[in-house]
Amino acid sequence: QVQLLESGGGLVQPGESLRLSCAASGFTFEHFAMYWYRQTPGKERELIATITEPTPRGEFKYYADSVEGRFTASRNNANNTVYLQMNSLKPEDTAVYYCNTLVDLVNYWGQGTQVTVSS
């Protein structure tokens, strides 16, 4: 049974940093790309970061323009965890953050973790 569990959210001031974690289980983690999304009330869930599975040429990462240069995705395949390092946070980064993966054509989501950026 695929499970994703996010942690690391909280309340921070503008300019500060947070690192989110997503612990995965129930599938062969190193074989699958992982995704980070975020959602604010009344808006669609937004894909903000992608990190591929390891390939002979390494991992590939992609970011939304809104977070490029400030957020960094990484993964530890030994402990089945994906991370999102968020620096220089802005009030507009306030959202619920979700990790996601697609296994056997089924989309799996964690329960989300709230990030609030406010002075």
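This is a short tour of one structure, stop by stop, with something to select at each.

**Before you start**

You are looking at a predicted model, where local features need pLDDT of at least 70, side-chain atom pairs count only at pLDDT 80 or more, and totals for chains, interfaces and linings use all residues. Residues are numbered from 1 along each chain as its sequence is written, and side-chain values use heavy atoms, with hydrogens and water left out.

**Stop 1: the disulfide**

Select Cys 22 and Cys 99, whose sulfur atoms sit 1.9 Å apart and form a disulfide (a pair of cysteine sulfur atoms within 2.5 Å). A search of the whole structure finds 1 disulfide. Cys 22 belongs to strand β3 (residues 18-25) and Cys 99 to strand β9 (residues 95-103), so the pair ties together parts that are 77 residues apart in sequence. Strands here are DSSP runs (E, at least two residues), numbered from the N terminus. Look along the S-S bond: with 45° about it, the link of Cys 22 and Cys 99 is right-handed.

Are these two cysteines, Cys 22 and Cys 99, buried or exposed? Both Cys 22 and Cys 99 are buried. Buried means under 20% relative accessible area, exposed over 50%, and partly exposed in between (1.4 Å probe, protein chains only).

**Stop 2: an open sheet**

Now colour β1, β3, β8 and β7. These 4 strands form an open sheet in the order β1-β3-β8-β7, with antiparallel pairing. Two strands pair if DSSP finds at least two bridges between them. Strands of a sheet pair through backbone hydrogen bonds, either parallel or antiparallel. At the edges you will find β1 (3-7) and β7 (71-76), each pairing on one side only.

Zoom in on β7 and strand β8 (residues 81-86), which pair in the antiparallel sense over 6 bridges. Pick Arg 75, and you can find its bridge partner, Val 82, in β8.

**Stop 3: a hairpin and its next neighbour**

Move to strand β4 (residues 34-39) and strand β5 (residues 46-51), an antiparallel pair with 5 bridges. Select Tyr 37 to see Leu 47 of β5 standing opposite. The hairpin of β4 and β5 has 6 residues between the strands, and in it Gly 42 takes a positive phi near 85°.

From β5, step across to strand β6 (residues 61-63): the two pair in the antiparallel sense over 3 bridges. Here Ala 49 stands opposite Tyr 63 in β6.

**Stop 4**

Most residues other than glycine have a negative phi. Which way does phi point, positive or negative, in Ser 88? Ser 88 has a phi near 50°, a positive value in a residue other than glycine. You will find Ser 88 in the loop between β8 and β9, and at 40% relative accessibility it counts as partly exposed.

Next, select Leu 105, in the loop between β9 and β10 (106-109). Its phi is near 70°, again positive in a residue other than glycine. At 80% relative accessibility, Leu 105 counts as exposed.

**Stop 5: Asp 93 and its surroundings**

Finish at Asp 93, in the loop between β8 and β9. Asp 93 counts as buried because its relative accessibility is 0%. Which residues is Asp 93 in contact with, leaving aside its neighbours within four places in sequence? Show Arg 38, Arg 70, Phe 71, Ser 88, Val 115 and Val 117: these are the residues in contact with Asp 93 (contact means heavy atoms within 4.5 Å).

Lastly, draw a line between the side chains of Asp 93 and Arg 38, which a polar contact of 2.9 Å joins. A polar contact is a pair of N or O atoms within 3.5 Å; within protein, one must be able to donate a hydrogen and the other to accept it, and residues adjacent in sequence count only if both atoms are side-chain atoms.
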